[in-house]
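Me: I am new to this structure and would like to learn how to read its features one at a time. Could you take me through a few of them?

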Amino acid sequence: FKTTSNEITKPLSFFPFTISHTARLPTDLLVLTVATAETDGFSRFLRSAKLFNYTVKVLGRGEEWQGGDYMAPGGGQRIRLLKAALEEMKEEQEKTILFIDSYDVVFASGPKELLKKFQQSGHRVVFSSETLIWPDRHLEDKYPHVREGNRFLGAGGFIGYLPNVKTMVADWTGEDHDSDQLFFTNIYINPEKRKSINITLDSRCRLFQNLNGALDEVVLKFEDSRVRARNVLYDTLPVIVHGNGPTKLQVNYLGNYIPKVWTFETGCTECHQNLRPLTGIQESEFPQVTIGVFIQQPTPFLAVFFERLLNLQYPKNRLKLFIYNQESHHKKQVDSFLEGHGGLYQDVKVVGPEGADTDSISSRNLGLDLCRQDKQCKYFFSVDSEVVLKNKDTLKILIEQNLPIVAPMITRPGRLWSNFWGALSADGFYARSEDYVDIVQGRRVGVWNVPYISSVYLVKGDVLRSGIPDYDLFSSDTQDADMAFCTSVRSKGVFLYVTNMHTFGRILSVENYQTKHLHNDLWQIFENPVDFEERYIHPNYSLIMKNKLIETPCPDVYWFPMFSEVACDHFVQEMEHFGQWSGGADTGHRRIQGGYENVPTIDIHMNQVGYEKEWHKLLLDYVAPITEKLFPGYYTKAEFDLAFVVRYKPDEQPSLRPHHDASTFTVNVALNQVGLDYQGGGCRFIRYNCSVEAPRKGWSLMHPGRLTHYHEGLPTTGGVRYIAVSFIDP
């Protein structure tokens, strides 16, 4: 769908409407619709009807639907119910009946415009029109030709005077599963009946817009704090929009805007209606939620994922946990989380990699069914391990939306990738809706009815038990599990929503995650730079320039925070896990380009553990910007031949003799804490007789390497000291 927009100056005065059963317009109009179940589409229909104060009577409540679906002829049940309702009405010549579908219909304007356009037609009954003939193509030649517009009748909507409509359906004797479309078609193509009842088609879509076969003709038109559907082929503004046939997704898209759901002036007008606020409710009365955690591939920062899960602002005794872990690699993190915090939750169920009978699809079905079978379960909150939930109130926010299924919008940093699709292609895969980029980038904020969500979403327990009761929602021969789930849900008439009313978080890139190291997250600086920074860069790093968090302990020696404590610990543990420390002799030829170390240390080089590219990226992103501020006029690409972690021990190599570094400047980061992990140590700059004897963990010394800053490593007298050294621009 495309959009046209006009500048709007009038503010929207929006308030809830109620359906009136007594108020009458100058010409009496009654809307009749058939709805045997109160679906999400039916609720949307009623909201749009209330907004314009239509008088609506619903037929068939409580009946079982026997009329088939749009995939095959059917709908006779609608005519039976209509005929019975009309027979109970008094014969009023000017009483007008609008008979319309409801599950896939939205009103774009009010009764006054509808009646005016109906009266202008000059006929007693006006049917919606279509470009496609259905269900019997052999009847095409019997259709009268039209001067302009659609030629074929659409049974999903018509308007007419009561006596004429009564006459039209009087001869119905069919079964509930018979075709209503064929019944009305045979009346229309019969010249005598067409003339006696005085039937015509809304060929130019002035009253009704059927979307099937006309998707390219319909655009959104924004004007005067409201939204219309405009038929660009006939330049008309239909009053009623109908997603007939296979166009349910398209009417869902239009229904995100029409008639006043979202406008440029007001934003989302319905996002704060029908909310279920949790404020004021005792925590013991909070809805019980089952959280399903799904670990289906090696995932970076899983320990952080569990930290964020623990930090969700929701009473733990109202939560049950279902954890499915497909990866043996992650068993340690799962066990660690449960040992430390599992007792806080009402109940915990874990399916691990040893559960051979439970694959990823069956695990998701099982998770939903745990909630479905538990009458106390009000919601199921599904979270994949690659989800980064930054908003601690995410669960509360989603519950308060009071929607059948709703996902918090999360994106991949710097990309248009998100956990929802705005549209589907003809074969059911991703397609970009016109508003997708605006929603992802936050230029349009609201709650959006979409065809696909994944990764993280909340499902109402009642919806699981009544709306989508089938156990297997995730299996498909042609679609992946998420697509199959969304298809299953949509086929039941349940809407999927995504909200970007708040900032919720992001999603990790997991495609290239390797698990061959001890701390594999250290290698994520390229794939997940935002998460790498949050985990491994000092929390005060961003304040260095703003708050001048740079100290000068010696001339031209600068000291600033660089690594978090976790980063320091992981680097040390990674090196000790690798274990191939040099002997302190001239053994560099086996490890470095050029093959010679001027002053050998007991160390492990970054290239030995496969960290050379990542270390260069780290220096480029976090050291080079500071260098250029502190040494004005000097610009670096952070090239290095030597980058390594040094280990000092009293009985191994306690100190380092005076020397110059083979660098333009050197970066030296303390990886553990003096006084706690070791005693002694530090660095003395001989020319200035100036020492840094208490280096802070995670802080970096930066100083010139040649000529002026002749220095030595002071003796470590106890424990073990670790530093990370880089000789930059040799």
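Reply: Let us begin with Thr39, which sits in the loop between strand E2 (29-34) and helix H1 (40-51); helices (H or I, at least four residues) and strands (E, at least two) are DSSP runs, numbered from the N terminus. This is a predicted model, in which local features need pLDDT of at least 70 and side-chain atom pairs count only at pLDDT 80 or more, while totals for chains, interfaces and linings use all residues. Residues are numbered from 1 along each chain as its sequence is written, and side-chain values use heavy atoms, with hydrogens and water left out.

Me: Is Thr39 buried or exposed?

Reply: Buried means under 20% relative accessible area, exposed over 50%, and partly exposed in between (1.4 Å probe, protein chains only). Thr39 has 18% relative accessibility and therefore counts as buried.

Me: Which strands pair with E30?

Reply: Two strands pair if DSSP finds at least two bridges between them. E30 pairs in the antiparallel sense with strand E29 (residues 551-554) over 2 bridges, and also in the antiparallel sense with strand E38 (residues 699-704) over 4 bridges. Trp559 stands opposite Glu551 in E29, and its bridge partner in E38 is Leu701.
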